[in-house]
Amino acid sequence: MSKQYEEVQGTTSDVLWAASKFIALECAAPNKQWYQCRKESRDPELCLTQGAEATRCGLGVITKLDSKCGEAFNAYKSCLYNTYQDLEKCRSQQRALEECWSKLNH
């Protein structure tokens, strides 16, 4: 089993929820390319390249959040986990992560 596959398998819903806004912003182009391919083709195998690129981009965002905003990212993930993903209860952790992210990109 490849390392990339293991990383995807180990990505929990809490991680994906916490990173989703940033993945949407950073990976809009590869996600759009994958979606457009799937829309035009009934054969999913024809879109594997675009799907791999979208996945690679998403994992890159998660890695960046973990390495550059680790404390805020972990706090937000933990809050989501502990509250069964009740976003309203995790707004302060979300704001802290968004502040960290904006500092990285400005």
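Modeller: A word on terms before we start: a residue counts as buried under 20% relative accessible area and as exposed over 50%, with partly exposed in between. Please keep in mind as well that this is a predicted model.

Colleague: What is the secondary structure of the chain, and which pattern does the chain follow along the sequence?

Modeller: The chain has six helices and zero strands. Read from one end of the sequence to the other, the pattern is therefore written with helix symbols, since helices and strands are taken as DSSP runs numbered from the N terminus. That pattern is α-α-α-α-α-α.

Colleague: Which residues have the most contacts inside the largest nonpolar core?

Modeller: The largest nonpolar core comprises 20 residues. Helix 2 (13-26), helix 4 (48-68), helix 5 and helix 6 (91-104) each contribute at least two residues to this core. One of the residues with the most contacts there is Val61, and, leaving aside neighbours within four places in sequence, Val61 is in contact with Phe22, Ile23, Glu26, Cys27 and Trp101. The residues with the most contacts inside the core are Val61, Leu65, Phe73 and Leu97.

Colleague: Which side chain of opposite charge is nearest to Lys77, and how many Å away is it?

Modeller: Lys77 is placed in helix 5 (residues 70-82), and its side chain makes a polar contact of 3.0 Å with that of Asn74. Not counting residues up to four places away in sequence, Lys77 touches Asp14, Val15, Ala18 and Asp66. A salt bridge needs a side-chain nitrogen of Lys or Arg within 4 Å of a carboxyl oxygen of Asp or Glu, and Lys77, although buried, has none. The nearest side chain of opposite charge is Asp66, at 4.2 Å.

Colleague: Is Tyr84 buried or exposed?

Modeller: Tyr84 lies in the loop between helix 5 and helix 6, and has a positive phi of about 55° although it is not a glycine. Most residues other than glycine have a negative phi. Because its relative accessibility is 75%, Tyr84 counts as exposed.

Colleague: What relative accessibility does Gln85 have?

Modeller: Gln85 also lies in the loop between helix 5 and helix 6, and has a positive phi of about 60° without being a glycine. Gln85 counts as partly exposed because its relative accessibility is 24%.

Methods. Residues numbered from 1 in each chain as written. Predicted model: local features only at pLDDT ≥ 70, side-chain atom pairs only at ≥ 80, totals over all residues. Heavy atoms only, no water. Helix = DSSP H or I, 4+ residues; strand = E, 2+ residues; numbered from the N terminus. Buried < 20%, exposed > 50% of the residue type's maximum accessible area, 1.4 Å probe, protein only. Lys, Arg positive; Asp, Glu negative; His and termini not counted. Polar contact = N/O pair within 3.5 Å; in protein donor to acceptor, adjacent residues only side chain to side chain. Contact = heavy atoms within 4.5 Å. Core = buried A, V, L, I, M, F, W, Y, C linked by side-chain atoms within 4.5 Å.
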